[in-house]
Amino acid sequence: MAVVARAGGDGGGSSSEVQWCFLQVKGAIDEDVAEADIISTVEFNYTGDLLATGDKGGRVVIFQREQETKSRPLSRGEYNVYSTFQSHEPEFDYLKSLEIEEKINKIRWLPQQNAAHFLLSTNDKTIKLWKISERDKRAEGYNLKDEDGRLREPFRVTELRVPTLKPMDLMVEASPRRTFANAHTYHINSISVNSDYATYLSADDLRINLWHLEVTNRSFNIVDIKPANMEELTEVITAAEFHPHHCNVFVYSSSKGTIRLCDMRSAALCDQHSKFFEEPEDPSSRSFFSEIISSISDVKFSHSGRYMMTRDYLSVKVWDINMENRPVETYQVHEYLRSKLCSLYENDCIFDKFECCWNGSDSTIMTGSYNNFFRTFERNMPRDTTLEASRESSKPRAILKPRKVCTTGKRKKDEITVDSLDFNKKILHTAWHPMENIIAVAATNNLYLFQEKVN
Amino acid sequence: MGEEEGLHQTPFLDTMFVRGLKRKCFDGEEDIEGTLAGIKAIPSYNLQRQSLLDMSLVKLQLCHMLVEPNLCRSVLIANTVRQIQEEMTQDGTWQMINTQSTGQASLDRLVSTDILCRSSRDQAEGKHVPAYGTFNKDFENDQAQDSSDTMSTASAVQAPRNLQSSVWEMENPQENKGNFQKSLDQIFETLENKSPNSVEDLFSEVDNSYYDLDTMLTGMMSNTKMGHCDSLETFSSSTNTASNSNCKSDLNDLDHIVEILVES
């Protein structure tokens with residue numbers, strides 16, 4: 001790990017900052033972005049060898065990391081396309097006369113149990129289990145059919161032979177194994193695989209359902225916050241996740257900035273929470289937008305299971321699941337936007353749902369911002385960095401230069417003023433390799449991969 | 001720095017949007033930079049709050065035609081509207097329309113919004129545009145007026161109703177009778193939960209809700225209550241059977257309310 005002396009800070013102490021270099025970028029370069037190509041979810045699998053992306057056109061693209069060769073042990077593997085398939089198609093709900101978008105909202109991998117890989121992908125209404133398997137052998141010499149597959153006339157078969165396996169070019173096949181449909185009236189925002197590897201949950205705006213991976217015609221409703229009178233609806237579910245180790249525990253976040261932890265052992269319907277996490281509001285900063293910016297857009301357990309992280313519009317908060325009354329850490333992502341909330345409300349940017357992620361050791365968290373900026377926060381230091389995913393810094397092994405947003409009147413060189421930020425370039429989806437310092441950052445229709453600088 | 005702190009402590013909306021609001025409403029163009037420059041005076045808090053309320057109502061009205069809109073976004077905007085209305089009620093700036101001190105009043109306002117959303121969602125896309133044009137004109141008049149707060153409040157609330165009434169006028173009554181009745185059923189639901197069976201009870205309880213019903217039924221823009229009796233009679237005759245038979249299915253129709261929120 002490169003040791004960097006921070007300007008004006010402690011020169012060569014124990015602190016060593018991760019320097020990121022460009023690895024790869026995937027996606028079209030041209031300015032006109034097709035709506036269908038916009039990446040809507042990014043997820044590494046459990047080993048980090050596979051990286052899946054979903055887009056608004058309903059497609060899933062899986063990248064595989066190239067194996068390091070013995071001759072170049074220090075070169076890190078690149079990610080190349082492994083499989084591409086159409087997961088969801090647009091549908092039409094005839095009863096409501098409404099289209100169901102094919103946009104992939106979430107992808108979650110299943111832990112690998114045999115040679116094939118499995119993942120769950122979901123759009124607004126339907127979850128699908130996909131099997132991705134390799135085929136590198138082909139059987140030849142069938143008795144009942146020709147080489148081109150046509151059936152042979154039985155009387156033409158004069159002798160019997162045993163088909164032999166011949167090698168062929170590697171083919172990666174994706175096939176839908178299960179379709180979990182018709183269980184959600186509202187839009188699915190989250191799926192989460194349980195640590196028992198047999199069940200998973202799916203959450204929409206008002207309900208959370210529990211599924212068994214083998215059973216598609218039935219799911220159990222475990223949370224229902226739909227009021228009897230919809231006029232009284234003031235709060236919706238925004239995200240949900242299972243605890244990484246305790247298969248009976250899950251959390252869900254709301255549009256009012258609260259998180260509820262539920263234990264499925266206590267009741268079949270987990271409307272009563274076991275723990276309720278809410279930070280008291282600061283009355284001095286109250287405005288008409290307070291509720292909107294407190295709405296949680298993502299919740300993620302740490303790998304250890306001891307902490308969870310929530311992302312609201314302006315900040316990321318780390319909570320100790322044993323302490324409900326306030327988070328243990330709060331990081332401001334782009335506080336300079338607080339005075340611009342009205343404009344951001346007007347252009348709807350205030351409703352953008354940013355995600356967040358942990359690194360493998362839970363020491364650093366990452367989340368996106370505008371202008372293709374993304375931020376990393378090292379929890380122990382604390383130290384934060386702002387980086388940009390741009391084509392300009394996309395030279396192989398180019399070190400990413402930290403960016404800075406100018407909040408005072410005087411703009412220094414290389415700083416960017418708040419007014420010149422591009423709010424159409426938003427980084428909503430990021431992912432961190434489970435074990436190494438490799439990050440995937442989705443910038444509209446491009447996927448950027450960065451890795452830690454190696455000397 | 002000090003200015004930013006000041007913005008923190010007082011619930012002032014940030015100033016830049018006021019100038020840009022008109023442009024954005026009409027053009028729909030993004031122009032943050034343009035609005036930032038040249039703002040000299042901070043508009044009054046009441047005017048800013050009013051603009052925010054209007055903007056929120058517009059957001060709720062602009063329904064997607066084909067794809068279900070985001071429920072989370074709709075709920076957050078509706079909560080913002082409710083919050084503004086409650087504050088305006090407490091301030092006493094909402095005096096043009098009779099308001100009860102309970103939350104019923106804000107719910108009724110919300111009803112108007114909901115019905116607006118439903119109606120604009122039901123009509124064809126082609127018809128939607130002229131209606132919005134009407135709304136723009138009224139809005140422009142409001143802004144241009146040298147108006148007191150109460151005036152602008154009233155006209156802002158009128159503006160959605162104007163949209164509503166022009167919507168009703170343009171629609172073919174035959175085609176939309178079903179929707180009409182459904183919307184009215186929802187009005188029943190929100191007005192009184194006591195005895196949905198009795199049409200008379202419903203009407204006896206309301207005062208400002210009368211006003212809502214009135215403008216929606218007859219497309220009247222005036223603030224008078226003159227046409228009440230006429231509209232009542234036509235109203236009760238056409239919907240009597242509907243309301244009685246829909247009593248039980250009202251519970252099922254609650255999902256329509258979801259649709260309203262969803263459509264907004």
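Over all chains, the structure holds 20 aromatic pairs. This is a predicted model, and the tour below begins with two of those pairs.

**First stop: Phe85(A) and Trp130(A).** Select these two residues and display their rings. They form a tilted aromatic pair, with 4.4 Å from centre to centre and 35 degrees between the planes. Phe85(A) belongs to strand S5 (residues 79-86) and Trp130(A) to strand S10 (residues 127-140), so the pair ties together parts of chain A that are 45 residues apart in sequence. Phe85(A) counts as buried at 8% relative accessibility, and Trp130(A) is buried as well, with a relative accessible area of 5%.

**Second stop: Phe289(A) and Tyr345(A).** The ring centres of Phe289(A) and Tyr345(A) are 5.4 Å apart and the planes meet at 55 degrees, so this pair is also tilted. Phe289(A) is in the loop between strand S19 (275-277) and helix H1 (290-294), whereas Tyr345(A) is in helix H2 (residues 341-346); the pair thus links parts of the chain 56 residues apart. Both Phe289(A) and Tyr345(A) are buried.

Select Phe22(A), Phe374(A), Tyr448(A) and Phe450(A) together; ring pairs link them into a cluster.

Return to Trp130(A) and select His117(A), which touches it. Other contacts of His117(A), leaving aside residues up to four places away in sequence, include Asn45(A), Leu50(A), Tyr82(A) and Trp109(A). His117(A) is found in strand S9 (residues 117-122) and is buried, with a relative accessible area of 12%. Leu50(A) lies 67 residues away along the chain, yet its C-alpha atom is separated from that of His117(A) by 9.4 Å.

Select Lys145(A) with Tyr142(A): the charged end of the lysine sits over the tyrosine ring, 4.6 Å from its centre. Then select Arg379(A) with Tyr307(A), where the charged end of the arginine sits over the ring, 4.6 Å from its centre.

Select Met381(A) and Pro382(A). The peptide bond between them is cis, with omega near -15 degrees. Pro382(A) is found in the loop between strand S26 (373-378) and strand S27 (383-388).

Next, select Asn372(A), in the loop between strand S25 (364-368) and S26. Its phi is near 60 degrees, a positive value in a residue other than glycine. Asn182(A), in the loop between strand S11 (164-180) and strand S12 (190-193), likewise has a positive phi of about 60 degrees although it is not a glycine. Which of these asparagines is buried, and which is exposed? Asn372(A) is buried, with a relative accessible area of 9%, while Asn182(A) is exposed at 78%.

Methods:
Residues are numbered from 1 along each chain as its sequence is written. Chains are lettered from A and ligands numbered from 1 in the order in which they are written. This is a predicted model: local features need pLDDT of at least 70, side-chain atom pairs count only at pLDDT 80 or more; totals for chains, interfaces and linings use all residues. Side-chain values use heavy atoms; hydrogens and water are left out. Helices (H or I, at least four residues) and strands (E, at least two) are DSSP runs, numbered from the N terminus. Buried means under 20% relative accessible area, exposed over 50%, partly exposed in between (1.4 Å probe, protein chains only). Contact means heavy atoms within 4.5 Å. Rings of Phe, Tyr and Trp (its six-membered ring) pair if their centres lie within 6.5 Å; planes under 30 degrees apart count as stacked, over 60 as edge-to-face and the rest as tilted. A charge sits over a ring if NZ of Lys or CZ of Arg is within 6 Å of the ring centre and within 35 degrees of the ring normal.
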